[in-house]
Amino acid sequence: MSSSLASSSDLLNFLRVTYPSAVSSSTSETDLSALSPQLFPDTSYTDNEKVETSQWLTTSARLATPDEDEAKHAERLGSLNIHLSTRSTLLGAKPSVADIALYHRLAPAVKSWSAEERTGEHGYHHVVRFIDFVQNAPLFRLSLKEEDKVQIDLDDIKFVHKPIDAKEEKERKKKEKAAAAAAGDNQTALPIRTGKAEDGAKQNRKEKAADAGQNAENKAKGAMTGDSAPQQGKKEKKEKQPKPQKAPAKETPLSPCLIDLRVGHILKAINHPNADSLYVSTIACGDPSGTDNTSEYEGQVVRTVCSGLNGLVPLEEMQGRKIIAVCNLKPVTMRGIKSAAMVLAASPRLKEGEEDHHGGPVELVTPPMDAKAGERVIFEGWSGDPEGVLNPKKKIWETLQPGFTTTDNLEVGFDVSVVPQLQGDESVKKSTGKLVTSSGGTCTVKSLTNAVVR
């Protein structure tokens, strides 16, 4: 497959020609993600859609780059093809500048695709449909000569795929999730209803009807004669037995292992559209497909994470790097965008009486180079399973976080001596336990010793 050499500056020139009233000569590459409302003034965008548009702009810039290997290129196109299988545009139905950027990037490549690459069994049918839609739909109003368009023969279909039903796909994922949750549970066989049982049920219904008729007749006679004799066939009420009280749930001992710490891989980070101090990162944390508060990006299951690192850690240092993520905090919405994890970072410990002005320096906690996204991370001496989601009322994170620190060797560790709730227990390890991956590597920071980690 050929690769397109279109750059952001080429895209801006294309946009200026197509939308002269919305894109001026002073518009720069950094303004691209904010152009959608100007290009499509009748369309409104949520904060999440603005973030998604920025993510797709980054993805389109990476597609078909000269230095991209064939396998990675095919993987990106495959993910894009799946995403478009149930959507008209990248956002679903709404047009955005990302659609135009993707068209501008891919059109030269699609022109040279063979019929097999376009519509074969392993072709990119939905990508081709998207290209055809963007270049011809009045919605986008692209200034293209007929000879500049990608010529697509709608009758040349090499392989017909079964269409994906969005509802069926959602139901399938739901069933898979339920099946996974029920794995290992004992199944109880349901009783088989026989013809005899059905006949007996019918007979019971007839007897009940006869009893009801007799009761009505007795009531009528009693009303006429004033007889207050007890009614026949009325069943006595049984006394309700008090329900046995449930045994109180066993309290899990306080331990840093209750916090779900994992290696995360930041696939992309951008500035938060509504907050100058926040970044919005797309992070792979090893979650299975269908996990709550996750989505798919470039073929991987990811979490959207907001972090207050803007102005403290350069944006370029956030791109494509491994970090440590706290994965079982309750998700929170930060200035319109739901954040489903937290990135661990170290900052200097305040001296007594000193105020925290959040001026830095700040260093991200870094796992070993060979650590895989989703790999569990624990403090030495504190093994055990994490909670599903930490109960905010129990304040487990708030209680244990003060023990997160760094050593003179720049290793991240847990200092039990500063957590009063863990004092007095003879079984508790007294020394600082290093933060290590399940494969044995130690997590570190760049230069901060005796720092606060949160």
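1. R335 sits in the loop between β6 and β7. Helices here are DSSP runs of H or I with at least four residues, strands are runs of E with at least two, and both are numbered from the N terminus. Phi of R335 is near 55°, a positive value in a residue other than glycine. R335 is exposed, with a relative accessible area of 53%. The cut-offs: buried is under 20% relative accessible area, exposed is over 50%, and partly exposed lies in between, with a 1.4 Å probe and protein chains only.

2. A word on the model. It is predicted, local features need pLDDT of at least 70, side-chain atom pairs count only at pLDDT 80 or more, and totals for chains, interfaces and linings use all residues. Residues are numbered from 1 along each chain as its sequence is written, and side-chain values use heavy atoms, with hydrogens and water left out.

3. Now the whole chain. The protein chain has eleven helices and 15 strands. Of its 454 residues, 38% are buried. Take the contacts (heavy atoms within 4.5 Å) in the protein chain with a separation of 6 or more: 70% of them join residues 24 or more positions apart.

4. N293 also deserves a look. Its phi is near 60°, a positive value in a residue other than glycine. N293 lies in the loop between β2 (279-284) and β3. How exposed is N293? It counts as partly exposed because its relative accessible area is 36%.

5. Check the peptide bond between G360 and P361. It is cis, with omega about 0°. P361 belongs to the loop between β9 and β10 (363-364).

6. The largest pocket comes next. A pocket is found on a 1 Å grid over the protein atoms alone; it is an open set of points where a 1.4 Å probe fits, with protein on both sides within 12 Å along at least five of seven lines, and lining residues have an atom within 4 Å of a point. The largest pocket has a volume of about 1400 Å³. Volume means the space filled by probe spheres set on the points, and grid points are joined across faces, edges and corners. Its lining has 43 residues, and H83, R87, T294, S295 and E296 lie nearest the centre. Elements that each supply at least two lining residues include α3 (47-62), α4 (70-84), α8 (166-181) and β4 (300-307). The lining divides into 13 nonpolar, 17 polar and 13 charged residues. In this count, Ala, Val, Leu, Ile, Met, Phe, Trp, Tyr, Cys and Pro are nonpolar, Asp, Glu, Lys and Arg are charged, and the others, Gly among them, are polar.

7. The second largest pocket has a volume of about 1000 Å³. It is lined by 41 residues, with G308, M342, V343, H358 and R454 closest to its centre. β4, β6 (332-334), β8 (342-343), β9 (345-347) and α11 (396-400) give two or more residues each. By class, 23 lining residues are nonpolar, nine are polar and nine are charged.

8. Which residues have the most contacts inside the largest nonpolar core? They are L15, Y19, L39, L80, I100 and L106, in a core of 40 residues. Such a core is a set of buried Ala, Val, Leu, Ile, Met, Phe, Trp, Tyr and Cys residues joined through side-chain atoms within 4.5 Å. α1 (8-18), α3, α4, α5 (97-111) and α7 (125-136) give this core two or more residues each. The largest share, ten residues, comes from α5. I100 touches L11, F14, L15, Y19, L39, F40, F140 and L142, not counting residues up to four places away in sequence. A second, separate core of 29 residues includes L344, A371, L390 and L448.

9. N81 lies in helix α4 and is buried, at 11% relative accessible area. Not counting residues up to four places away in sequence, N81 touches G123, Y124, H125, H126 and V127. Y45 lies in the loop between α2 (36-39) and α3. It is buried too, at 13%. Y45 and L91 are 46 residues apart in sequence and 9.8 Å apart in space, C-alpha to C-alpha. L91 is among the residues that Y45 touches, as are K94, P95 and S96.

10. Last, the cysteines. A disulfide is a covalent bond between the sulfur atoms of two cysteines. With a cut-off of cysteine sulfur atoms within 2.5 Å, the count is zero. C257 is buried at 8% relative accessibility, and C443 is buried at 0%.
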